[in-house]
Amino acid sequence: MELLRAENLSQSFDYPLFNNLNLSISSKDCIAIQGSSGCGKSTLLHILSSLLAPNSGKVFYKNNDLYALNENERMKIRRYNFGIIFQTHHLFKGFLALENIELASVLSGKDLDRQLLKDLGIDTVLHHKIGKLSGGQQQRVSIARVLCKKPQIIFADEATGNLDFENAKNVLDLLISYVKANNAALFFITHDSTLASFCDKRYMLHTNGIC
């Protein structure tokens, strides 16, 4: 089942990033996006996840034009249907790790998945404040916060960038398993070609689109 479709997307800031880009994401898809620094990978993620309107083109989520909706409608989709893992964690530093994760569960109305926390290897640091955790631990807390929402599409912007390869592979395996078990989808930006190879589809982003 098609979940999200991009039609003829074009975006530029001080210089063109991409033109006439088309992409379809279906349930159980795990899609890796690669490309050189500054080519617009994060910008594309922001557009597809409803955070940034494109210069031209359309994005459809379940056949609803995202940018024809009002901001409250888009916010509900981000809260309940999309999960976004940023390069920077956007965690509340004064909160415990558990409190950061619980907040997402409360906002989305989903129960906390204790097994997920164990699988991510953060079950022993849940009562530590975020500022006391390593960068890798913080990254895994941010991933747990997103997965506990039970999103239909996960947008991951270098989600494993602060992890060594073994931990990065474990996290990617977890994301892929979640996608397959829940008829969800993963849009995964990475510089690591080996990690990208574990996804179902791999694309390179260029100024004339993706290939």
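User: Hi! Looking at the helices to begin with, is the crossing where α3 passes α5 right-handed or left-handed?
Analyst: Hello! This is a predicted model, and in it α3 passes α5 in a right-handed crossing.

User: Nice. What angle do α3 and α5 pack at, and how far apart are their axes?
Analyst: Helix α3 covers residues 97-108 and helix α5 covers residues 135-147. Their packing angle is about 25°, and the axes lie 8 Å apart. Angles under 35 degrees count as roughly parallel, so α3 is roughly parallel to α5.

User: Which residues meet there?
Analyst: From α3 come Ala97, Asn100, Ile101 and Ala104, and they meet Val141, Ala144 and Arg145 of α5. Sorted by class, that contact of α3 with α5 holds 5 nonpolar, 1 polar and 1 charged residues.

User: And α6, at what angle does α5 pack with that one?
Analyst: Helix α6 spans residues 165-182, and α5 packs with α6 at about 0°, with 12 Å between the axes. The two helices are therefore roughly parallel to each other.

User: Where does Lys118 sit, then? And is Lys118 buried or exposed?
Analyst: You will find Lys118 in helix α4, which runs over residues 114-119. With a relative accessible area of 54%, Lys118 is exposed, because the cut-off for exposed is over 50%.

User: Let's switch to the sheet. How many strands does the open sheet have, and in what order?
Analyst: There are 4 strands, arranged β2-β1-β4-β5, with antiparallel pairing. The edges are β2 and β5 (64-65), each of which pairs on one side only.

User: Which helix packs on that sheet?
Analyst: Helix α1, residues 41-48, packs on the sheet and touches β1, β2 and β4. The direction of α1 makes about 130° with that of β1.

User: How many α1 residues are buried?
Analyst: In α1, 6 of the 8 residues are buried, leaving the helix mostly covered. Those buried are Lys41, Thr43, Leu44, Leu45, Ile47 and Leu48.

User: How many bridges join β1 and β2?
Analyst: β1 and β2 (residues 16-26) pair in the antiparallel sense over 7 bridges. The two strands form a hairpin, with 3 residues between them. Leu4 stands opposite Ile25 in β2, and Gln11 has Phe18 of β2 as its bridge partner.

User: What about β1 with β4, how many bridges there?
Analyst: That antiparallel pairing runs over 5 bridges, and β4 spans residues 56-61. In β4, Phe60 stands opposite Arg5, and Tyr61 is the bridge partner of Leu4.

User: Last topic: backbone angles. What is the phi of Asn8?
Analyst: Asn8 has a positive phi of about 50°, although Asn8 is not a glycine. For background, most residues other than glycine have a negative phi. Asn8 is placed in strand β1, residues 2-12, and is partly exposed, with a relative accessible area of 41%.

User: And what is the phi of Lys150?
Analyst: Lys150 has a positive phi too, of about 55°, and is not a glycine. The loop between α5 and β7 (153-157) is where Lys150 lies. Lys150 counts as partly exposed, at 30% relative accessibility.

User: Which residue follows α1, and what is its phi?
Analyst: That is Ser50, which follows α1 and has a positive phi near 80°.

Technical notes:
Residues numbered from 1 in each chain as written. Predicted model: local features only at pLDDT ≥ 70, side-chain atom pairs only at ≥ 80, totals over all residues. Heavy atoms only, no water. Axes fitted to C-alpha atoms, helices over the stretch in contact; angles between N-to-C directions. Parallel < 35°, antiparallel > 145°, perpendicular 65-115°, else oblique. Left-handed = near helix turned anticlockwise from the far one by under 90°. Contact = heavy atoms within 4.5 Å. Nonpolar A, V, L, I, M, F, W, Y, C, P; charged D, E, K, R; others polar. Buried < 20%, exposed > 50% of the residue type's maximum accessible area, 1.4 Å probe, protein only. Pairing = 2+ DSSP bridges.
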